[in-house]
Amino acid sequence: MSNLTLASAREILDQYSCKETKLVTSREQKAELQGALLLLVEQSEAENLGVCADNLSQGYQALASYLKAFGYRVPFEVEECQSEDEAVYIKFNTGKMSHYAESYTGAYRGVLVACQAEDQQVNGIYGHLPLDLFA
């Protein structure tokens, strides 16, 4: 994806943003989505991630895979996250490297990534992205 520009990355991500959940149906589509998101994250100053999952274990696994893909250290042990059969929302702030989790009653499952940057082509909220995008 060496010819990916910020504008084309936004076009790709906008297909997944603030709409009904769009499924990734091929390896090529997954690679394209990964490349677009990574380009925008690389250009942002900080990100907030919102993870909606079936349980804590699934949520923290997804969060850890996104953080690693973005080049951050994972400040928690996924194996230590006790899993209950209760849907969860996890919010993570890369500027502070802090997070919290709470119960979640919505039906949505996936990840929202909010990029914070002065460049308006980068600044925005992207998602509903697959939990396993970087797994």
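This is a predicted model: local features need pLDDT of at least 70, side-chain atom pairs count only at pLDDT 80 or more; totals for chains, interfaces and linings use all residues.
Residues are numbered from 1 along each chain as its sequence is written, and side-chain values use heavy atoms, with hydrogens and water left out.

The protein chain contains 3 helices and 5 strands, arranged along the sequence in the pattern α-α-β-α-β-β-β-β. Helices (H or I, at least four residues) and strands (E, at least two) are DSSP runs, numbered from the N terminus. The radius of gyration of the protein chain is 14 Å, which agrees with the value near 14 Å for a compact globule of 135 residues. That radius is taken over C-alpha atoms, and the globule rule is 2.2 Å times the number of residues to the power 0.38. The C-alpha trace spans about 45 × 30 × 20 Å along its principal axes.

Of the 135 residues, 44% count as buried; buried means under 20% relative accessible area, exposed over 50%, and partly exposed in between (1.4 Å probe, protein chains only). The protein chain exposes about 7,500 Å², of which carbon and sulfur atoms supply 45%. Accessible areas come from the Shrake-Rupley method with a 1.4 Å probe, and for residues only the protein chains shown count as cover. Among contacts with a separation of 6 or more, 65% are made by residues 24 or more positions apart, a contact being heavy atoms within 4.5 Å.

The protein chain carries 10 positive and 19 negative side chains, and the centres of the two sets lie 2 Å apart. Lys and Arg count as positive and Asp and Glu as negative, while His and the chain ends are not counted. The place of a charge is taken as NZ of Lys, CZ of Arg, CG of Asp or CD of Glu.

Helix α2 comprises 17 residues (27-43) and reaches 24 Å from its first C-alpha to its last, close to the 24 Å expected at 1.5 Å a residue. The expected span is 1.5 Å times one less than the number of residues in the helix. Buried positions in α2 are Gln-29, Leu-33, Ala-36, Leu-37, Leu-39, Leu-40 and Val-41. An α-helix has 3.6 residues a turn, so residues three or four places apart point the same way. The cover over the buried residues of α2 includes α1 (6-14), β1 (46-53), α3 (56-69), β4 (110-116) and β5 (124-129).

Helix α3 has 14 residues and reaches 20 Å between its first and last C-alpha, close to the 20 Å expected at 1.5 Å a residue. Its buried residues are Ser-57, Gly-59, Tyr-60, Ala-62, Leu-63, Ala-64, Ser-65, Tyr-66 and Leu-67. These buried residues of α3 pack against α2, β1, β2 (88-93), β3 (98-103), β4 and β5.

The segment after β5 contains Phe-134, which is buried at a relative accessible area of 15%. Leaving out residues up to four places away in sequence, Phe-134 touches Gln-34, Leu-37, Leu-38, Ser-65, Tyr-66, Ala-69 and Phe-70. Phe-134 and Lys-30 are 104 residues apart along the chain, and their C-alpha atoms are separated by 8.9 Å.

Two residues of the loop between α3 and β2 were examined, Pro-75 and Val-78. Pro-75 is partly exposed at 30% relative accessibility, whereas Val-78 is buried with a relative accessible area of 17%. With residues up to four places away in sequence not counted, Pro-75 touches Leu-67, Phe-92 and Met-97. Under a like exclusion of neighbours within four places, Val-78 is in contact with Tyr-60, Gln-61 and Ala-64. C-alpha to C-alpha, Pro-75 and Ser-103 are 21 Å apart in space and 28 residues apart in sequence. The C-alpha atoms of Val-78 and Leu-129, 51 residues apart along the chain, are separated by 20 Å.

Met-97, touched by Pro-75, is partly exposed with a relative accessible area of 24%. Phi of Met-97 is near 50 degrees, a positive value in a residue other than glycine. Most residues other than glycine have a negative phi.

In helix α1, Glu-11 is exposed, with a relative accessible area of 57%. Glu-11 and Lys-68 are 57 residues apart in sequence and 24 Å apart in space, C-alpha to C-alpha.
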